[in-house]
Amino acid sequence: MTDYGEREILREATENSPGGRRPALFWTGAALVTLGVVLHLPMYFQARDMHYHMAGMKMDATMSTGMVLIVVGLVATGFGLLPRRADFSATARLRVRALDEARISATHVGLLLVMAAAVTIDVMKPTSLAFVVPGFAKEYGLKTALNPHGHPAAALLPLFGITGTVLGSLVWGWLGDRIGRRAAMLLAGVLFVGTSICGAMPSYELNLLMCLIMGLGAGGVLPVAFTLLSETIPARHRGWLMVLIGGDIAGAYVLTSWASESLTPTYSWRILWLIGLPTGLLFILLTRWVPESPRYLLAVGREDEARRVLHRYGAEIVPIEESELAAERDVRGNYLQVLRSPWTGLTLVLALVGAGIGLMLYGFQLWLPTNLRHLGYTDVTADRVLRDSSLIGFPLNFLVAYLYHRSSRWTLIGLSAVVAAALLGFVALGDSAADDSALLRTLLVIPIWGSSSVVAVLSAYGAEVYPTRIRSRGSGLAAGMSKAGGVLVIAVVVAGVALPSVRVTAALGAVPLVLAVLLAVFVTIETRSRRLEDITAAELGREGAAA
């Protein structure tokens, strides 16, 4: 792995960009955020004799000072990363094709390893919610199945968190196109550090607010990370490698489960938030080995920086008279563009798949343990289902990666159809599915495994089908829709609506997936081993022919 070095992390954007980023301001802000989090720890340790029960404690001067430092630090970090507005009219005249013809080098391998670790750290944030809620609800006396007279509903915490991830996917999708892929990831890393103060926050209301802000960063990393990977990995290897990275989501479940089992008995549920400090700092450190996307640099005319990055990837640098990205000159850099022709159909397919998977993850799977207990499977627990999902899904992602390498379009269609078929099986059978144990287990394997696999495929495909100047936005919209279903489902819990049955929760996930499959047959395109510029040119050409 090539060490970018601390000074290199932001140097690219300052040498050739008048009015560009301010690395000193960024690092000062990051240091202030870190110091602010550390100043929250004394009150946490003071509560160790009460098993770190901090509800009702008043914030002392040290903690208040820490909060001010975090706010100031986040503002400084944001301004430190903010360049002048990206100028897509100044496209550099270098041959993008060279990047796709380069061999997989040590730099590529290093990038993949770092991004896999970054994805794992990122996914651990929202995953922790499942393990935090029981202790959080008990400490603050919230309403749960075990405490039906509590108030308010404990589900408000995951509702705030998942809502944050939806907003984060959209906001960071915009930021990735506005300030660059790598800079957006850095900002998310600093946010991870700052929001770790949830673990030392005595106030219930501030816990909700911090959980929302944490979701902003967690929801934004995945679409930006996949955008950067799609623009960096050679075309013939791009698809299957991205699906493998997406499959690493299972690793986050395993690590979070381990942390919950090993640390919470001693340090309470709060430790699962506090480990955001070291993991957030590790996330920032890992960006030392993540160069900016060369396609983004070429698209905004930062030619010298693009040359350095292309050289690192072993790509031959060939000057040309007109940039291969010039075909995108009429593409507007806003979210409305992903809804306009020729991307309307593709965006609708990705949104439907995302919505279906979100409803399945947070509806069918969230209530699956409870519903199975109602059907007589008293030994099933939420932790066991989560563990099975991780262990079953991880190895099967290798098969999905191979299939994606053979055909991205048909893998998206086929995998979505298989998951939809399994859900429709539960719709047809209803509670009678429990009468045949073998059939029940067979039907359960598919949605449990398929959810993480579809998310990986959705993330990879969404990062391939949009042009450079809106690629991060398109990827962010797809990621946001995969969590929007969770907001709807958890809001139902907060509202106190009766627990949906297996049939109802399966139907909620199946309907958008079926619609997506039917539409995808007509509007999706094949991206296998195709250069991103060729994909964009084909889409724009198809629009021109239709006109």
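Which hand does the crossing of α10 and α22 have? Keep that in mind, everyone, and I'll come back to it in a moment.

Hi all. What you have on the screen is a predicted model. The protein has 547 residues, and 57% of them count as buried. It is built with 24 helices and zero strands. Taking the contacts between residues at least 6 apart in sequence, 85% join residues at least 24 apart.

Now to α10 and α22. The crossing of these two helices is right-handed. Helix α22 covers residues 471-494, and its axis comes within 9 Å of the axis of α10, at an angle of roughly 140°. An angle has to be over 145 degrees to count as roughly antiparallel, so α10 is oblique to α22. On the α10 side, the contact is made by G219, P223, V224, T227 and S230, and these meet R471, S472, S475, G476, A479 and K483 of α22. By class, that contact has three nonpolar, six polar and two charged residues.

Helix α10, residues 204-230, also packs with helix α6, residues 106-127. Here the angle is about 155° and the axes are 9 Å apart, which makes α6 roughly antiparallel to α10. The crossing of this pair is left-handed. What is the contact made of, by class? It has 13 nonpolar, one polar and two charged residues. In α6, the residues taking part are L111, L112, M115, V119, D122, V123, K125 and P126. Their partners in α10 are M214, G217, A218, V221, L222, A225, L228 and L229.

Let's stay with one of those, K125, in helix α6. Is this lysine buried or exposed? K125 has a relative accessible area of 8%, so it is buried. Leaving aside neighbours within four places in sequence, K125 is in contact with F192, M214, A218, W273, G276, T279 and G280.

Last, some backbone details in the loops. Where do we find cis peptide bonds? One joins H151 and P152, with omega about -10°, and P152 is in the loop between α7 and α8. Another runs from S341 to P342, with omega near 10°, and P342 is in the loop between α16 and α17.

Then there are positive phi values. Y52 is a residue other than glycine, yet its phi is near 60°. Y52 lies in the loop between α3 and α4, and at 7% relative accessibility it counts as buried. S529, also not a glycine, has a positive phi of about 60°. S529 is in the loop between α23 and α24, and with a relative accessible area of 37% it is partly exposed.

Conventions
Residues are numbered from 1 along each chain as its sequence is written. This is a predicted model: local features need pLDDT of at least 70, side-chain atom pairs count only at pLDDT 80 or more; totals for chains, interfaces and linings use all residues. Side-chain values use heavy atoms; hydrogens and water are left out. Axes are lines fitted to C-alpha atoms, for helices over the stretch in contact, and angles run from 0 to 180 degrees between N-to-C directions. Helices (H or I, at least four residues) and strands (E, at least two) are DSSP runs, numbered from the N terminus. Angles under 35 degrees count as roughly parallel, over 145 as roughly antiparallel, 65 to 115 as roughly perpendicular and the rest as oblique. A crossing is left-handed if the near helix is turned anticlockwise from the far one by less than a right angle, and right-handed if clockwise. Contact means heavy atoms within 4.5 Å. Ala, Val, Leu, Ile, Met, Phe, Trp, Tyr, Cys and Pro count as nonpolar, Asp, Glu, Lys and Arg as charged, and the others, Gly among them, as polar. Buried means under 20% relative accessible area, exposed over 50%, partly exposed in between (1.4 Å probe, protein chains only).
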